[in-house]
Amino acid sequence: MKFVAVSAVCLWGVLCLCASVKAIGTLELMRDAAVGWTGALPCGKWDCECAFNSQRGCCCVANEMSMLEDRTFMRMVDMWEQLTRLDNDIKEVTGNNKIAFTAAMRSRSDCFGPFTSNVPIRYYAVSLNQGNGYNDALGTFTAPRAGLYSFSFTTYSNVGVDGERLYHKVQLIKNNEVVASVWEDNREDTEDSATHSVLVSLRQGDQVYVELLSGRSLCGNTKEYNRFSGYLVYPFTQE
């Protein structure tokens, strides 16, 4: 029984050795046939010597991979340059877009006016001034950049006594030209208010302010109802 088992083991070993020798012999024959081939190589641009001799230690498509990597890298560089240009364009358009202000006349129980000439209204109580376009000392907004701006102003007056003349006219001025105005002239009301909003195209450095006409007055502004506000709607890319 032991003899039979040993014989079987030996026979199995001989068969495995023969199979291994046969496999190695077949690979060598394939390699020799490929290397000795004198016609056009069926493997195209591949390295047949590499394919049959150093499969694990050689990149047989190194040239193609290298070219692919180069093309991919150059595309990535080009995409990065385009993204950089786009980012710069966006910053050019939006980088200085935060322009807005709002201010009010300080509370007072007496009247502002009348005066012998038109007088700019100074809105001293500034609650917002992004972009620093508004000058509270002058009551004037100077455009930091060209663009379309929205402005609004509220005019309020309270004479406090029935029969007193409610008499005022306030106008929005752009570079000494009247853009919009509100007014009141009657003895029937003791108080009145009005708000006006406009869109104005400005160049960099243009000035906008609100003025009270001569001979008129604003009274009883005890709760800062008189206000002046503005903001940049969108910039002009070419000034």
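**Entry 1: disulfide**

I searched the predicted model for disulfides, taken as pairs of cysteine sulfur atoms within 2.5 Å, and by this rule the count comes to one. The bond joins Cys-111 to Cys-219, with an S to S distance of 1.8 Å. I noted where the two cysteines lie: Cys-111 is in strand β2 (residues 111–112) and Cys-219 is in strand β12 (residues 218–219), so that the pair, 108 residues apart, links distant parts of the chain. Strands here are DSSP runs of E, at least two residues long, numbered from the N terminus. A disulfide is, in general, a covalent bond between the sulfur atoms of two cysteines. The torsion about the S-S bond of Cys-111 and Cys-219 is about 105°, and the disulfide is therefore right-handed.

Cys-111 counts as partly exposed because its relative accessibility is 33%. Cys-219, at 5%, counts as buried.

**Entry 2: basis of the values**

I record that this is a predicted model, in which local features need pLDDT of at least 70 and side-chain atom pairs count only at pLDDT 80 or more, while totals for chains, interfaces and linings use all residues. Residues are numbered from 1 along each chain as its sequence is written, and side-chain values use heavy atoms, with hydrogens and water left out.

**Entry 3: Asn-221**

I looked up Asn-221, which lies in the loop between β12 and β13 (227–235). Asn-221 has a relative accessible area of 2% and is therefore buried. Which residues does Asn-221 touch, not counting those up to four places away in sequence? With contact meaning heavy atoms within 4.5 Å, I listed Met-105, Arg-106, Ser-107, Arg-108, Tyr-156 and Asn-226. The side chain of Asn-221 reaches the backbone oxygen of Met-105 at 3.4 Å and the backbone oxygen of Arg-106 at 3.3 Å.

**Entry 4: sheet**

I traced an open sheet of five strands, in the order β4-β1-β13-β7-β10, with antiparallel pairing. Two strands pair if DSSP finds at least two bridges between them. The edges are β4 (125–130) and β10 (191–202); each has a single partner strand, so one side of each is left without a neighbour in the sheet. From one strand to the next the twist averages 10°, with angles taken from 0 to 180 degrees between the N-to-C directions of axes fitted to C-alpha atoms.

I also checked β7 (residues 147–158), which runs antiparallel to β10 and is joined to β10 by 12 bridges. Gly-147 has Leu-202 as its bridge partner in β10.

Note on methods. Helices (H or I, at least four residues) and strands (E, at least two) are DSSP runs, numbered from the N terminus. Buried means under 20% relative accessible area, exposed over 50%, partly exposed in between (1.4 Å probe, protein chains only). A polar contact is a pair of N or O atoms within 3.5 Å; within protein, one must be able to donate a hydrogen and the other to accept it, and residues adjacent in sequence count only if both atoms are side-chain atoms.
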